[in-house]
Amino acid sequence: MSHDSTAAPEAAVRKLSGRRRKEIVAVLLFSGGPIFESSIPLSVFGIDRQDAGVPRYRLLVSAGEEGPLRTTGGLELTAPNGLEAISRAGTVVVPAWRSITSPPPEEALDALRRAHEEGARIVGLCTGAFVLAAAGLLDGRPATTHWMYAPTLAKRYPSVHVDPRELFVDDGDVLTSAGTAAGIDLCLHIVRTDHGNEAAGALARRLVVPPRRSGGQERYLDRSLPEEIGADPLAEVVAWALEHLHEQFDVETLAARAYMSRRTFDRRFRSLTGSAPLQWLITQRVLQAQRLLETSDYSVDEVAGRCGFRSPVALRGHFRRQLGSSPAAYRAAYRARRPQGEKQTDPDGSPPPAPPPVLQQEASVPFQTRRTAAAHAVGTAATTSLSTDSGRSDSGRPGGRAGSELYATGRHSLPGQRSAP
C-alpha cells in the first residue's frame with residue numbers, strides 16, 4: 001500500500017466548495033499536448049463501467065486556451081467546454097503540457113488557483129506538473145514528473161521538492177505523476193482513494209493493467225541533462241569525471257579542476273543542474289556499475305573497483321538505495337530477461353565490456369564533441385539523494401542526505417508510490 005506522508009499540508013483538509021461536486025472530473029487540455037497522456041484521464045473517468053463495479057464519474061473536457069487544439073500527429077480536437085467548466089469540478093486533471101520551456105496561459109493558471117482555493121483536487125500527469133508549478137500549487141510540496149524533466153523542474157521551481165524516483169506522489173489535494181503510463185497508476189490510485197481497492201481492481205482489469213505497480217522510475221533513468229550545460233565551462237569538468245569514473249576521486253577534486261572553492265563549485269553546479277555534485281557523482285558510478293553488471297562477467301567486487309567505489313560494501317549500499325536491488329540480484333534478473341543466444345562479454349577476452357557512451361570518447365575526439373556528450377551525462381544529477389561512502393552528506397553534515405532540500409527523500413513501503421493522508 002502507499003505510504004502516508006508524515007505531515008499533510010493544511011491545504012489537504014480544505015473543504016470542497018458547495019458549487020463543486022466530488023464526482024465531477026475536469027480534464028484541462030492544451031494545444032500541442034501529447035494524445036496518449038491526454039487520453040488517460042478521458043478513458044479512466046469518462047467511460048461508464050458500472051456494469052463492472054466501477055463507480056461512475058462525470059467527465060468535463062475543458063480547453064485551456066482557444067481551439068481547435070492540435071495534438072500528436074497533427075490531429076485537431078475541439079473540447080466541448082472552456083475554463084468555466086472547471087468551476088464545477090471536484091477534481092481537475094492537467095494531462096500534460098506542450099513545452100517545459102514555455103509558460104502556460106495565465107487564464108488557465110488562474111482557474112487552477114481558484115479551483116484549489118475552493119477545495120478541488122488538482123492533478124498533474126507527466127509535464128502537467130509544470131503547469132501546477134507555474135500556478136504556485138507545488139510550492140513547498142513534494143512532486144514528481146518524468147525523470148528526464150525532473151532536473152529542469154527542480155531548477156526552475158526551487159521551492160518544489162522534486163522526487164524523480166516515484167511513479168506518482170499524492171500530497172493530499174495536489175497529486176503528480178511520472179511520464180506516460182505512470183498517469184494510469186495515478187488515476188487508478190485516485191479511484192482507489194475514492195472508492196476502495198475493489199473498484200480500482202475492477203477498473204484495472206478492464207484496462208488490462210496491474211492494479212498496483214511496484215518500483216519507481218529508477219530503472220528508466222538515463223544520462224540526459226538540461227542542454228545548457230554544453231556551453232558552460234563546467235562541462236569540461238563533467239567530461240573529465242565521466243572519463244575517470246574508475247578512479248577514486250571526490251567533489252573536492254572536481255572543484256579543484258574547475259579552479260573553484262568547494263562552496264562555489266557546489267553552488268555553481270546546483271544552479272546549472274538543480275542537483276548537488278556529490279549525488280550526481282554517486283549516481284554516475286551506480287549507472288556505470290549497472291552497465292558493467294549487464295555487459296560483463298566481472299565480480300561485484302571487481303565492478304566496485306572499476307566504478308570508483310572505495311569498497312564493495314559502498315557499491316551495494318548505493319546500488320540498493322538507487323535501484324532497489326543488490327548488484328547480484330540485479331545481474332541475475334537481467335540475465336533471466338536476456339533473450340536466449342545473446343552473448344555475455346568476457347572480462348578477459350573479447351569483446352570487452354561495453355563502456356557508457358561518453359567513456360568511449362578518446363582523447364582525439366574534438367573537445368566540443370566531448371563537451372556535448374557531457375551535456376547529456378548529468379541527467380541523473382537530480383535523481384537521488386544519496387549519502388557518501390563515509391556516511392557524510394554533501395554539505396558535510398554526518399548522516400545527512402545530499403541535495404535533500406531539492407528532493408523528497410523518503411522511501412516508501414511500496415516503491416514508486418507516495419501519498420499523504
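Modeller: This is a predicted model. In it, helix H10 (residues 277–295) packs against helix H12 (residues 312–323), with the two axes 10 Å apart and an angle of about 95° between them.

Colleague: Is H10 roughly parallel or roughly perpendicular to H12, then?

Modeller: The angle makes H10 roughly perpendicular to H12, because angles of 65 to 115 degrees fall in that class.

Colleague: Which residues of H10 and H12 make the contact?

Modeller: H10 contributes Ile-282, Thr-283, Val-286, Leu-287, Ala-289, Gln-290 and Leu-293. From H12 come Leu-315, His-318, Phe-319, Gln-322 and Leu-323. Divided by class, the residues of this contact are eight nonpolar, four polar and no charged.

Colleague: Why are angle and distance quoted together for helices?

Modeller: Two packed helices are described by both the angle between their axes and the distance between those axes.

Colleague: Let us turn to H1 and H5. At what angle do they cross?

Modeller: Helix H1 (residues 35–46) and helix H5 (residues 182–195) cross at roughly 25°, and their axes come within 10 Å. That angle makes H1 roughly parallel to H5. The contact joins Ile-40, Pro-41, Val-44 and Phe-45 of H1 to Gly-183, Ile-184, Cys-187, Ile-190 and Val-191 of H5. Its residues are eight nonpolar, one polar and no charged.

Colleague: And is the crossing of H1 and H5 left-handed or right-handed?

Modeller: The crossing of H1 and H5 is right-handed.

Colleague: What does H5 do with H6?

Modeller: The axes of H5 and H6 come within 7 Å and cross at roughly 145°. This crossing, too, is right-handed. On the H5 side, the residues are Ile-184, Leu-188, Val-191, Arg-192 and His-195. They meet Asn-197, Ala-199, Ala-200, Leu-203, Ala-204 and Leu-207 in H6. By class, the contact of H5 with H6 has eight nonpolar, two polar and one charged.

Colleague: Which residues of H6 are buried, and what covers them?

Modeller: In helix H6 (residues 197–207), the buried residues are Ala-199, Ala-200, Gly-201, Ala-202, Leu-203 and Ala-204. Their cover includes H1 and H5.

Colleague: What follows H6 in the chain?

Modeller: Val-208 follows H6. Its phi is near 60°, a positive value in a residue other than glycine. Val-208 is placed in the loop between H6 and helix H7 (234–243).

Colleague: Is Val-208 buried or exposed?

Modeller: Val-208 counts as exposed, because its relative accessibility is 71% and the cut-off for exposed is over 50%.

Colleague: Where is Cys-126 found, and what is its phi?

Modeller: Cys-126 is found in the loop between strand E7 (121–125) and H3. Although it is not a glycine, Cys-126 has a positive phi of about 55°. With a relative accessibility of 4%, Cys-126 counts as buried.

Colleague: What does Leu-112 touch?

Modeller: Leaving out residues up to four places away in sequence, Leu-112 touches Leu-28, Val-92, Val-94, Ile-122, Val-131 and Leu-137.

Colleague: What about Lys-155: where does it lie?

Modeller: Lys-155 lies in helix H4 and counts as partly exposed, at 32% relative accessibility.

How values were computed: Residues are numbered from 1 along each chain as its sequence is written. This is a predicted model: local features need pLDDT of at least 70, side-chain atom pairs count only at pLDDT 80 or more; totals for chains, interfaces and linings use all residues. Side-chain values use heavy atoms; hydrogens and water are left out. Axes are lines fitted to C-alpha atoms, for helices over the stretch in contact, and angles run from 0 to 180 degrees between N-to-C directions. Helices (H or I, at least four residues) and strands (E, at least two) are DSSP runs, numbered from the N terminus. Angles under 35 degrees count as roughly parallel, over 145 as roughly antiparallel, 65 to 115 as roughly perpendicular and the rest as oblique. A crossing is left-handed if the near helix is turned anticlockwise from the far one by less than a right angle, and right-handed if clockwise. Contact means heavy atoms within 4.5 Å. Ala, Val, Leu, Ile, Met, Phe, Trp, Tyr, Cys and Pro count as nonpolar, Asp, Glu, Lys and Arg as charged, and the others, Gly among them, as polar. Buried means under 20% relative accessible area, exposed over 50%, partly exposed in between (1.4 Å probe, protein chains only).
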